[in-house]
Amino acid sequence: MKKIYSLLFALIFGVGASFAQSVDESVQFCDKDGNVITNGTVLYRDHVVDDGFGGVQIHTGLYIKNTSNEKKAVHLLENISEMPHGTFQTCILGVCMPAPGAVPDFESAKGELAPDQKDDIQTEWFPEYEKYTSKPWTATIQIQYLKGTTTKNKYGVDVTTYEVIGNGPKVSVVFNYPNPSGIEGVKDNTTGVEVIGRYTTDGKQLSEPVKGLNILKLSNGKTVKEIVK
């Protein structure tokens, strides 16, 4: 009898563990062209761009897509506990939420994807300006499926609450904000030297100075950086 109970326990535990680890791939991560980014993928991101407000940001380039033939309610569960500084943001269907800090369980806004719908989740790290990282850090992002229940509150207004009913794919994003190699600060010993090119941090040529970090090419062959306030 003891062996039978042990066998039943093993079977039940095995089924439960299998269920807990199962991944529903109805909604997938993808890039802007719709190419699927498979469960477990590790992405490396160190491309710094101007955020338009005098700071910088690093994009993940991630989208999510509902590959099923029915609507799917989802949110993203993100572990950003390694974030060294700055802020982190993610969006669902245009509703963007900043994380409250370096937390292990940041939940995005909730949204319902129609069949075949693709959404730019605009997940970005905004590091503190010129506070370069000494080593990369990793964020994990997982799709979770939700079930909504709508009830009326005491004022007769519909209120929807959600519960997690399943796990979708998970990816890891390794962020790095390195000190740009080979780029010097503007110094006072540039008398007689002309600026022959001005660029943004992502290489776009500028016709005039813009607020934030500008990269200058000089007539003496050097490349320097200039902060415009």
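Me: What makes strand S1 and strand S6 a pair?
Reply: Strand S1 (residues 27–30) and strand S6 (residues 63–66) share four bridges in the antiparallel sense. Strands pair if DSSP finds at least two bridges between them, so the four bridges of S1 and S6 meet the rule. Within this pair, glutamine 28 stands opposite lysine 65 in S6. A strand here is a DSSP run of E with at least two residues, numbered from the N terminus.

Me: What kind of model is this, and which limits apply?
Reply: It is a predicted model, with residues numbered from 1 along each chain as its sequence is written. Local features need pLDDT of at least 70 and side-chain atom pairs pLDDT 80 or more, while totals for chains, interfaces and linings use all residues; side-chain values use heavy atoms, without hydrogens and water.

Me: Which strands stand at the edges of the open sheet, and why?
Reply: The sheet has four strands in the order S2-S1-S6-S12, with antiparallel pairing. Strands S2 (36–37) and S12 (118–120) each have a single partner strand, so one side of each is left without a neighbour in the sheet.

Me: How do you know that cysteine 91 and cysteine 96 form a disulfide?
Reply: Their sulfur atoms are 2.0 Å apart, and the rule asks for a pair of cysteine sulfur atoms within 2.5 Å. The structure holds one disulfide. The torsion about its S-S bond is about 105 degrees, so the disulfide is right-handed.

Me: Is cysteine 91 buried or exposed?
Reply: Buried means under 20% relative accessible area, exposed over 50%, and partly exposed in between, using a 1.4 Å probe and protein chains only. Cysteine 91, at 0%, is therefore buried. Cysteine 96, at 35%, is partly exposed, and cysteine 30, at 1%, is buried.

Me: What makes a set of residues a nonpolar core?
Reply: The members are buried Ala, Val, Leu, Ile, Met, Phe, Trp, Tyr and Cys residues joined through side-chain atoms within 4.5 Å. The largest such core has 31 residues, and Phe29, Leu62 and Ile64 have the most contacts inside it. Strand S14 (137–152) gives the largest share, five residues.

Me: Which residues is leucine 62 in contact with?
Reply: Contact means heavy atoms within 4.5 Å. Leaving aside neighbours within four places in sequence, the contacts of leucine 62 include Phe29, Cys30, Ile37 and Val173.
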